[in-house]
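Work through the exercises below with the sequence and the 3D structure at hand. Each task is followed by a solution in steps.

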Amino acid sequence: MADGLDVLLWYLYYKYRKPFRSRDKLEHWQKRRLHRQMRYVSSHIPFYHKRGKWGTCPVIDKGVWMAHFQEMNGVGIGREEAEDFALSAERSRDFVPRLRGITVGLSSGTSGRRGIFLISDQEKNRWAGYILAKFLPGSIFKQYTIAFFMRADSNLYQAVSSGRICFHFFDLYGDMEEHLKRLCKMQPDILAGQPSLLLLLARERMEGRLDICPRLVISIAEVLEKEDERQLQSAFGLSVIHQVYQCTEGCLATTCSEGTLHLNEDIVLIEREYLDGQRFVPVVTDLVRRTQPVIRYRLNDILVERRRPCTCKSPCIALEKIEGREDDIFFFSGREGGMKRVFPDFIRRCILFAGSGERNGEYRVVQETDCSITVYADLEEQEKGRVLQEFTRLSDDGGFVLPAIAFRPYFCEPGRKMKRVERKGICGEDTLP
């Protein structure tokens, strides 16, 4: 790794830092850290030169972030230069080089627009120490082998490697048979990847073609559905499947020892824009990044707040789940006019309540641009009938007109993030009151 001692120091800092005993103490610390961060940002980041106070900073999104890319970083790197550099690395599959000493990352573009992020060596080492403190099942001085499946490798992830911690990148575009042989040979202690990939490996293990027993399985990059989580627990013999909610805008949430997903409010400040009594969209301010600060960045993810306190007693907000993206809320014509919105979780339930996702968990539900619905799943005629019944029940309860529903064989594009529920186009959203 670039600076093993620096990673170790950050690991020790986050692992043994005195925990916040109450929500009040956490918020008091956040305010002090935010004041320090804004003092730096207003002096060093052109976009924020006249915005010294956090409350006066605009809420931004990916469009603003990309349009003002050079003004929003402190190293003078332009958007085209960064994008060309990142795309070149993806084409060559060589992710070691850095741009003027800065790691350049490229998001997978699930929302249709790819984001770029910049991170310095110091920030990279801090991130590595934080992640190791959160997830290593024992001391950092023991030996660990980590198998990490991802669309693209990065200097960011390689920062985790050291003499004792062997980090192995598995290219999602690589040959799966070779990956299986390599996994069996290395016997990873920690296995990390997106749920669609982890489910594939789980099936290989259940069918006797993959003989590995990881101590830790970490879900990344995609929404981890409850039914998929149960399948992974059963296949790998684990009581907890861990999650990392990581995106271009930072490491936003991780699971605790009890298996509950908590916002990482010791490094990020999250404003909650509520959609209903429990669901909210996060507006993120990173409290530590300075190469390319994240200040009041509105994501389009839908997070569901947990009502019951977690037994781990952390004052950080606990989540029931990450439901999906705002882009994937379905819209239907209301029976009394107007449009009705239906959150992704209710669409999933139509499949699960019909018992149609139990055999192998492979399904996708897509609302097309004409507002019709396509269910991608390998179903018997009786199962299709039950799915239709559940959608009819949902339309009756929700007061909307049920559109045409078509069934197609299951299909998910390899290498692309899996989305169980997806909406194409605006499909009536612009007419919502």
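**Exercise 1. Classify Asp-276 by its accessibility, then describe its salt bridge with Arg-279.**

Step 1. The model is predicted, and the values used here are computed from it. Asp-276 has a relative accessibility of 29%, so it counts as partly exposed.

Step 2. The side chain of Asp-276 meets that of Arg-279 in a salt bridge, with 2.8 Å from N to O.

Step 3. Arg-279 has a relative accessible area of 10% and is therefore buried.

Step 4. Elsewhere, salt bridges with shared partners join Arg-23, Glu-27 and Glu-265 into one network.

**Exercise 2. Decide whether the rings of Phe-47 and Tyr-48 are stacked, tilted or edge-to-face.**

Step 1. A pair of aromatic rings is described by the distance of the centres and the angle of the planes.

Step 2. The whole structure holds 12 aromatic pairs. In the pair of Phe-47 and Tyr-48, the ring centres are 5.0 Å apart and the planes stand at 80°, so the arrangement is edge-to-face. The cut-off used in this step is an angle over 60 degrees.

Step 3. Phe-47 has 10% relative accessibility and therefore counts as buried. Tyr-48 is buried as well, with a relative accessible area of 0%.

Step 4. As a second case, take Phe-149 and Phe-170, which form a stacked pair with 4.6 Å from centre to centre and 20° between the planes. Phe-149 lies in strand E3 (residues 144-150) and Phe-170 in strand E4 (residues 165-171); they are 21 residues apart, and the pair links distant parts of the chain. Both Phe-149 and Phe-170 are buried.

Step 5. One aromatic cluster is formed by Trp-10, Tyr-13, Tyr-14 and Tyr-130.

**Exercise 3. Find where Arg-420 lies and how it meets Tyr-363.**

Step 1. Arg-420 is in the loop between strand E19 (405-408) and strand E20 (421-423).

Step 2. Its relative accessible area is 4%, so Arg-420 is buried.

Step 3. The charged end of Arg-420 sits over the ring of Tyr-363, 4.8 Å from the ring centre.

Step 4. For another arginine over a ring, look at Arg-290, which lies over the face of Tyr-40 at 4.3 Å from the ring centre.

**Exercise 4. Explain why Cys-316 is too far from Cys-312 for a bond.**

Step 1. A disulfide is a covalent bond between the sulfur atoms of two cysteines.

Step 2. The closest cysteine sulfur to that of Cys-316 is in Cys-312, at 8.4 Å, which is too far for a bond. The cut-off for a disulfide is 2.5 Å.

Step 3. A search of the whole structure finds zero disulfides.

Step 4. Cys-316, at 12% relative accessibility, counts as buried. Cys-350 is buried too, with a relative accessible area of 3%.

**Exercise 5. Locate Val-288 and list the residues it touches, leaving out residues up to four places away in sequence.**

Step 1. Val-288 lies in the loop between strand E11 (279-286) and strand E12 (297-298).

Step 2. At 17% relative accessibility, Val-288 counts as buried.

Step 3. With those sequence neighbours left out, Val-288 touches Arg-33, Gln-37, Glu-123, Arg-126 and Ile-267.

Step 4. From C-alpha to C-alpha, Val-288 and Ile-267 are 6.3 Å apart in space, and they are 21 residues apart in sequence.

Terms used. Residues numbered from 1 in each chain as written. Predicted model: local features only at pLDDT ≥ 70, side-chain atom pairs only at ≥ 80, totals over all residues. Heavy atoms only, no water. Phe/Tyr/Trp six-rings, centres within 6.5 Å; stacked < 30°, edge-to-face > 60°. Buried < 20%, exposed > 50% of the residue type's maximum accessible area, 1.4 Å probe, protein only. Helix = DSSP H or I, 4+ residues; strand = E, 2+ residues; numbered from the N terminus. Lys NZ or Arg CZ within 6 Å of the ring centre and 35° of its normal. Salt bridge = Lys/Arg side-chain N within 4 Å of Asp/Glu carboxyl O. Contact = heavy atoms within 4.5 Å. Polar contact = N/O pair within 3.5 Å; in protein donor to acceptor, adjacent residues only side chain to side chain.
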